[in-house]
Amino acid sequence: MRSKIVAGNWKMNKTLEEATALTSEILKMVTDEVSSDAKVILCTPFPYLLPVKKQLDNQTRIATGAQNCSEHEAGAYTGEVSAPMLASMGIPYVILGHSERRQYFGEGGSLLAKKVDVVLKHGLTPIYCCGEPLDVRERNEHEALVKQQVEESLFHLDADTIKKIVIAYEPVWAIGTGKTASAQQAQDMHAVIRKHLADKYGQATADSISILYGGSVNAGNAKELFACADVDGGLVGGASLKAKEFVEIIKSIS
Ligand code: PGA
């Protein structure tokens with residue numbers, strides 16, 4: 001059985017004090033109000049990972065995640081953070097290939113394949129992002145592009161290893177725009193991704209991989225999106241910065 005997951009992507013937001021306050025609020029509300037056993041992950045900026053992790057110690061409901069890491073394990077790469085560093089801090093998840101990394105930092109398929117490998121080597125779970133820009137959808141090439149993104153960074157893995165990956169489908173036109181994919185659009189693409197995984201690895205393997213939807217998920221649309229057969233939760237940006245709304249989103253998963 002694949003897991004239900006709601007991950008918050010804080011991006012480059014919050015001071016340390018604000019991050020600490022947000023974590024406390026989320027922790028209290030999740031503990032008091034959330035009955036489902038969905039996994040909750042807070043993907044914070046690097047400097048906040050340890051303080052947030054410390055706040056979350058002694059409980060198992062909420063885990064931490066990074067938003068990126070280097071493809072290198074160590075060395076002269078000023079300003080970078082490596083997978084072994086994250087592993088040594090006990091951080092279990094890392095987002096890879098977010099569309100903002102692809103767009104602003106030029107990350108592409110072969111680089112992301114290396115990042116996936118180094119992250120897996122050090123025992124972390126990658127949350128691998130894929131998704132098409134608006135012009136690609138308008139040309140009706142979105143399925144082909146997303147299949148290619150999944151293929152070029154993940155299909156070198158064997159069946160046992162790919163089961164360790166979480167995939168996040170995030171149409172670029174829906175990220176931070178307030179424009180969500182409809183539940184039908186999300187379900188259609190998630191089904192395409194799962195079929196692509198099934199064609200390569202078999203149905204049982206494809207059925208064991210969590211595929212999250214991301215792009216303007218909020219408390220108002222989460223329930224409908226999460227009700228789709230192939231949507232196993234969400235990767236939430238803006239709405240994860242507000243404790244009450246984020247917890248409402250977590251409650252929308254059944
Ligand atoms: P958004 O961001 O929820 O603010 O659209 C999602 C993401 O980029 O992961």
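This is a predicted model: local features need pLDDT of at least 70, side-chain atom pairs count only at pLDDT 80 or more; totals for chains, interfaces and linings use all residues.

Let me start with a term: buried means under 20% relative accessible area, exposed means over 50%, and partly exposed is in between, with a 1.4 Å probe and protein chains only. The areas themselves come from the Shrake-Rupley method with a 1.4 Å probe, and for residues only the protein chains shown count as cover.

Two words on the source. Residues are numbered from 1 along each chain as its sequence is written, and side-chain values use heavy atoms, with hydrogens and water left out.

Now, Lys115. Buried or exposed? Lys115 counts as buried because its relative accessible area is 2%. Lys115 sits in helix α5, residues 109–121. Helices here are DSSP runs of H or I with at least four residues, strands are runs of E with at least two, and both are numbered from the N terminus. Which side chain does Lys115 pair with? The side chain of Glu107, through a polar contact of 2.9 Å. A polar contact is a pair of N or O atoms within 3.5 Å; within protein, one must be able to donate a hydrogen and the other to accept it, and residues adjacent in sequence count only if both atoms are side-chain atoms.

Next, the ligand. It is surrounded by 13 residues, and Lys11, His98, Glu170, Gly176 and Ser216 are the closest. A residue is near a molecule or strand if one of its heavy atoms lies within 4 Å of it. Look at His98: an N or O atom in its side chain is 2.6 Å from an oxygen atom of the ligand. Gly237 uses its backbone instead: an N or O atom there lies 2.8 Å from a ligand oxygen. For Asn9, a polar side-chain atom lies 3.5 Å from an oxygen atom of the ligand. How much of the ligand does the protein bury? Taken alone, the ligand exposes 280 Å², and the protein buries 95% of that.

Stay with Ser216. It lies in the loop between β7 (211–214) and α11 (222–226). Ser216 is buried, because its relative accessible area is 17%. Ala239 is 23 residues away along the chain, yet the two C-alpha atoms are separated by 7.7 Å.

Both of those residues take us to the second largest pocket. Its lining has 20 residues, with Gly176, Ser216, Gly237, Gly238 and Ala239 nearest the centre. A pocket is found on a 1 Å grid over the protein atoms alone: it is an open set of points where a 1.4 Å probe fits, with protein on both sides within 12 Å along at least five of seven lines, and lining residues have an atom within 4 Å of a point. The volume of this one is about 240 Å³. A volume is the space filled by probe spheres set on the points, with grid points joined across faces, edges and corners. The lining splits into eight nonpolar, nine polar and three charged residues. Nonpolar covers Ala, Val, Leu, Ile, Met, Phe, Trp, Tyr, Cys and Pro; charged covers Asp, Glu, Lys and Arg; the others, Gly among them, are polar.

Now the largest pocket. It holds about 410 Å³ of space. Its lining has 15 residues, and Lys11, Met12, Gln67, Arg101 and Phe105 lie nearest its centre. Which element gives the largest share of that lining? Helix α4, residues 99–105, with four residues. By type, the lining has seven nonpolar, five polar and three charged.

Back to Lys11. It lies in the loop between β1 (5–9) and α1 (16–33). Lys14 counts as partly exposed because its relative accessibility is 29%.
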